Amino acid sequence: MTMKKVTANMAGTVINLLVKAGDSVQAGQDVIVLESMKMEVPIQSEAAGTVTDVKVNIGDFVNDGDVLVVLE
Amino acid sequence: MKQLEQTLRERIDQVKRGGDAKYHQKAKEQNKLFVRDRLALLFDDEDFVLEDGLFANFTAGDLPADGVVTAIGRVNGQTVCVMANDSTVKAGSWGARTVEKIIRIQETAEKMRVPLIYLVDSAGARITDQLEMFPGRRGAGRIFYNQVKLSGKIPQVCILFGPSAAGGAYIPAFCDIVIMVEHNASMYLGSPRMAEMVIGEKVTLEELGGARMHCSVSGCGDVLAANEQEAIQAARRYLSYFPSHYQDAPPAAEPKPPLPAAKPIAEIVPENQNAPFNMYELIDTLVDEGSFFEVKKLFAQELITGFARLDGNPVGIVANQPRVKGGVLFVDSADKAARFITLCDAFGIPLLFLADVPGFMIGTAVERAGIIRHGAKMIAAMAEATVPKISVIVRKAYGAGLYAMASSAFDPDACLALPTAQIAVMGPEAAVNAVYSNKIQAIEDPAERQAFVMEKRREYQKDIDIYLLASELIVDAIVPPSELRRELINRFAAYAHKRQYFSDRKHPVYPV
């Protein structure tokens, strides 16, 4: 099992969690929504896998590169 | 006489076979084609190939053509010049005659006023020959000097099949477009071995200077191809949008209707300004089916750049992508736009801007990266562009983002709005917070506070109503979404013979 991480691609605030631990996701699926610059910014998982951990909560500020979701 | 001809034929065949069989075998193992097979794929017709310098360095015995093929051929019916490294000859490295041949084909392309294609697969300079090929007036530096001089005059295209190392890495850097073959192409100033020796870094070639890295991170690559055939096809396709020379008109093709399955714009663009949508779907509704050729698809994806055809005629599209990073402009997206706009303007390809932009990114990270400096590049390139230039305000266009997308102040031939357009210094949420921050804080009851904010947003919304902006002649027309394609075709046809001279001077001081 290899771990894959979904990271924030820009600074912003988490406004929606679209997956939880145990969910399976497809490559390209939206997993988290950030708000930044007043825009809704969906964040996709590049890889397919099963969610093992969601690292953020609604309302958290994240920076570009921060880990949001871990898959395996 | 018969004997002489026989000898000549044998020698031609011998040189055309390139390097030793073991190097051909090695290339095959790497999924690399022989240089002459690459040329056969590139050119329309194998019978129309004119090659100079086949016997370069013939007397050396083991350096056929001195490791480079320079030739004239045809692509899409257009005459083109080509230089192509032969990696079976000393890994495609450059000796004195290699360099001289490259310089000559550049001079030929300039005189003939035709595109020049560089098929690069070279280990770099032959250190043993450095005095003859490196520092002099007709040394390798001259290749780059010529590239800079030819830039904007004739199209210069690079297909990178293998390494382009150290100084050689500047050949792609000075081309208009770089097509890279995944896994084989690489570009770097210092190899991984050198990085380890000189700075102590341990890194793989792929991470340091691989094709995918350059096409998605550094921006040195424009098109990532899965294999050589795909890369060569991409070069042929790219050239189909270009004239041979900056004074010629870009070639038209057979007009085609847009993708039949394309959703109507009204269904694609959400009214909620802050909700994402996929700008590619909107592009599909506008352009001739199958005509979109994207440049830098994997790099700075919050902005889309690419060539397409409208009723058969080439157009360069610069579009915000609200699906990625909210369509906000960043350091890399500003660079990407500046470069693409300059490319289109140089070769007379009209520009279409599709704006849905919340502005340039803010915050510590981007300020430190020089977002203002990079944004200035984009705005300068867009301002200077004198080709037919149309801006479509699709949805929001806020702050300097409005300026960067060729809005009214930057002399577009038309600034068009869709009914969803919203033009402002900033969006209603940010504006109300900025103006009434103290008042909002002072209201203690949350319901009352919310009511106040909503009321102020409504007032603000009225001030930036698109009909008010049309009434003030800020936008030139509000276009029904279903008629946008027709409107663009008609307008570009009307502006086709536009002549505009931007400014009298030697050249601008570039904001870089």
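The legends below describe close-up views of a predicted model. Residues are numbered from 1 along each chain as its sequence is written, and chains are lettered from A, with ligands numbered from 1, in the order in which they are written. Because the model is predicted, local features need pLDDT of at least 70 and side-chain atom pairs count only at pLDDT 80 or more, while totals for chains, interfaces and linings use all residues.

**View 1. Chain B as a whole.**
Chain B holds 21 helices and 16 strands (DSSP runs numbered from the N terminus: helices are H or I with at least four residues, strands are E with at least two). Its radius of gyration is 26 Å, close to the 24 Å that the globule rule gives for 512 residues, so chain B is as compact as a globular protein of that length. The radius is taken over C-alpha atoms, and the rule is 2.2 Å times the number of residues to the power 0.38. Along the principal axes, the C-alpha atoms of chain B fill a box of roughly 100 × 55 × 45 Å. Of the 512 residues in chain B, 46% are buried (20 or more other C-beta atoms within 10 Å of the residue's own; exposed means 12 or fewer, partly exposed in between, with C-beta atoms placed from the backbone).

**View 2. The side of chain A that touches chain B.**
Here 11 residues of chain A are in contact with 14 residues of chain B (contact: C-beta atoms, placed from the backbone, within 7 Å). Strand E5 (residues 39-44) of chain A supplies the largest share of the chain A side, 4 residues. That side divides into 6 nonpolar, 2 polar and 3 charged residues. Nonpolar covers Ala, Val, Leu, Ile, Met, Phe, Trp, Tyr, Cys and Pro; charged covers Asp, Glu, Lys and Arg; the others, Gly among them, are polar.

**View 3. Helices H4 and H6 of chain B.**
The axes of H4 (residues 96-112) and H6 (residues 141-150) of chain B come within 9 Å and cross at roughly 15°. Axes are lines fitted to C-alpha atoms, for helices over the stretch in contact, and angles run from 0 to 180 degrees between N-to-C directions. H4(B) and H6(B) are therefore roughly parallel to each other (under 35 degrees; over 145 is roughly antiparallel, 65 to 115 roughly perpendicular, the rest oblique). The contact includes B:Val99 and B:Ile103 of H4(B) and B:Ile143 and B:Leu150 of H6(B). Its residues divide into 5 nonpolar, 2 polar and 2 charged.

**View 4. B:Val99 in helix H4.**
B:Val99 lies in helix H4 of chain B and counts as buried, with 25 C-beta neighbours inside 10 Å. Not counting residues up to four places away in sequence, B:Val99 touches B:Trp94, B:Met133, B:Gly139, B:Ala140 and B:Ile143. B:Val99 and B:Ile143 are 44 residues apart in sequence, and their C-alpha atoms are 7.5 Å apart.

**View 5. Helices H14 and H16 of chain B.**
H14 (residues 331-346) and H16 (residues 371-384) of chain B pack at about 20°, with their axes 8 Å apart. H14(B) and H16(B) are therefore roughly parallel to each other. Among the contact residues are B:Ala334 and B:Ile341 of H14(B) and B:Met378 and B:Ala381 of H16(B). The contact divides into 9 nonpolar, 3 polar and 4 charged residues.

**View 6. B:Ala56 in a loop.**
B:Ala56 sits in the loop between strands E1 (50-52) and E2 (68-75) of chain B. B:Ala56 is buried, with 23 other C-beta atoms within 10 Å. Leaving aside neighbours within four places in sequence, B:Ala56 is in contact with B:Ala65, B:Asp66, B:Arg97 and B:Lys101.

Definitions and conventions. Two residues are in contact if their C-beta atoms, placed from the backbone, lie within 7 Å.
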